[in-house]
Amino acid sequence: MSNEVASKLPKDFIWGFATASFQIEGSTNVDGRGKSIWDDFSKQPGKTLDGRDGDIATDSYRLWKEDLALLVQYGVKSYRFSIAWSRVIPLGGRNDPVNPKGIEFYSKLIDALIENGITPFVTLYHWDLPQALHERYGGWLNKDEIVQDYVRYSRVCFEAFGDRVKHWLTMNEPWCISILGYGRGVFAPGRSSDRDRSPEGDSSTEPWIAGHSVILSHAYAVKLYREEFKSAQGGQIGITLNGDWAMPYDDNPQNVEAAQHALDFAIGWFADPIYLGHYPEYMKQTLRDRLPEFTQEELIVVKGSSDFYGMNTYTTNLCRAGGDDEFQGFTEYTFIRPDGTQLGTQAHCAWLQDYPQGFRDLLSYLWKRYRMPIYVTENGFAVKDENSKPIEQALLDHDRVQYFKGTTSALIGAVLEDGVDIRAYFPWSFLDNFEWADGYTTRFGVTYVDYETQKRYPKESAKFLVKWFKDNIESDEQPYYQQPPTVSQINNFSGSPLDNLSGPAMIQGLKA
Ligand code: GBH
């Protein structure tokens, strides 16, 4: 070992790409799968930008072996995917039958990943609630029912897959589940007070009730895992939260305070109870009796219920006090600085600009506030108008490469200079896919999907990331200049086009 200051990520640093069941699987009515709330929602006129649904998506339920081959080609260490609850338990409930075909699908995928040296990183819930539970009792609005049903679903997954899965995420982005599903009504089940949008719903109460149920479902599933599975299976389990960095618009104290208020509503809503044991004070003051309370017994289960901080983040918002958006804690977001300049490069989505310093600042903030190891479980960019470009041009995804250059350098800076304990990084997404209310018009993939043929094409950003992680994670192997490759190693090297670009060690050794 040398005495040099570390310049790379530690060798056990986890990286890979992320996806979610409903966004990629398709095959919505095969092998006994029950409907999820997104099945019918995405088919209602006006709910997705291009009017398209998730029936085919990237066809990954059928093409999973091809997807796996591509992951192997990329050389990822891990793959983050989610399990569709309604494949495993078609009607979702605790007394409803388990579907062996659903278990079999994920079981084969998990086996194949492991055989290829790829660690499965599994999300139990990425927004595809079984439709039957929504119809039966209102889904996330019914705490007493949903907690029990979610815990039973979790049990089925721990029993079926926990011998091989050592990294569990209970929930993906409770803020989105609650606010977008029950407040703004733009995501399934689409409930809102806006009667042009939804015949039912109360945006002033339902998001906070749904969020409360999500926290408790997460917490009781973790309790189950720790009590009945962890000692035998030895895995880790936690939740993953969305949250973008909030930067004061200027140094006006009201705007400085507003940035904290924005973080309280976006992140603290979930992170404070889970890591600190209480809802943020500002949320309590603002929502009063509309914010449900935890019983003492529940609080004991909630506090400390995540082994790590799961972080999904995309952008930075400049925050000002004011406005009427309760979901943002009565703050206003903008990307335009006081001097009129843009914060960063605009993405295809209005809510997303590239600002890597914000990613680094958010990592520090979360590390200081919660003191938990951080797994970055999503981070990504949608290039403006990528969908209207011919494939050859779309593959040259310059703005996405710039984005990942920024975030990877922020990531390594946060680890090596700021001392933040970051253990994993998963760019979103492995593939272009069903981008929820945007349909297929917004592409987040590092791999281009031609939806006519379902062929996959690596974009420049995939090549950049593959190479970056090869170059920036410590390896067990001796440096190439100490151990030149043998002739037979070189002759036996069966390279792919990607390997040429990313430069396997033995080829670099030759050149040196
Ligand atoms: C992730 O959410 C999802 O986990 C993933 O499934 C998705 O494909 C990916 O992002 C890309 O979108 O203007 O009020 O509607 C990202 C977190 C939070 C980003 C809400 C968009 C819009 C807020 N999202 N935000 S609003």
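**View A. Ala 57 in the loop between helix H2 and helix H3.** Ala 57 is found in the loop between helix H2 (37-41) and helix H3 (60-74). Helices (H or I, at least four residues) and strands (E, at least two) are DSSP runs, numbered from the N terminus. Phi of Ala 57 is near 50 degrees, a positive value in a residue other than glycine. Most residues other than glycine have a negative phi, and most peptide bonds are trans. This is a predicted model, in which local features need pLDDT of at least 70, side-chain atom pairs count only at pLDDT 80 or more, and totals for chains, interfaces and linings use all residues. Residues are numbered from 1 along each chain as its sequence is written, and side-chain values use heavy atoms, with hydrogens and water left out.

**View B. Two cis peptide bonds.** Pro 189 has its place in the loop between H8 and helix H9 (206-233). Another cis bond joins Trp 428 and Ser 429, and here too omega is about 5 degrees. Ser 429 is in the loop between strand S13 (422-425) and strand S14 (447-450).

**View C. The second largest pocket.** Its volume is about 960 Å³. A pocket is an open set of points on a 1 Å grid over the protein atoms alone, where a 1.4 Å probe fits, with protein on both sides within 12 Å along at least five of seven lines; lining residues have an atom within 4 Å of a point. Grid points are joined across faces, edges and corners, and a volume is the space filled by probe spheres set on the points. The lining has 37 residues, and the closest to the pocket centre are Trp 175, Cys 176, Leu 180, Asp 244 and Trp 351. Helix H8 (174-182) and helix H10 (253-276) are among the elements that each supply at least two lining residues. The lining divides into 23 nonpolar, eight polar and six charged residues.

**View D. The ligand and its shell.** 17 residues surround the ligand (a heavy atom within 4 Å); the closest are Gln 23, Glu 173, Arg 184, Glu 435 and Trp 436. H8 gives the most to this shell, with three residues. A ligand oxygen is 2.8 Å from an N or O atom in the side chain of Gln 23. A polar side-chain atom of Trp 428 lies 3.1 Å from a ligand oxygen.

Methods
Ala, Val, Leu, Ile, Met, Phe, Trp, Tyr, Cys and Pro count as nonpolar, Asp, Glu, Lys and Arg as charged, and the others, Gly among them, as polar. A polar contact is a pair of N or O atoms within 3.5 Å; within protein, one must be able to donate a hydrogen and the other to accept it, and residues adjacent in sequence count only if both atoms are side-chain atoms.
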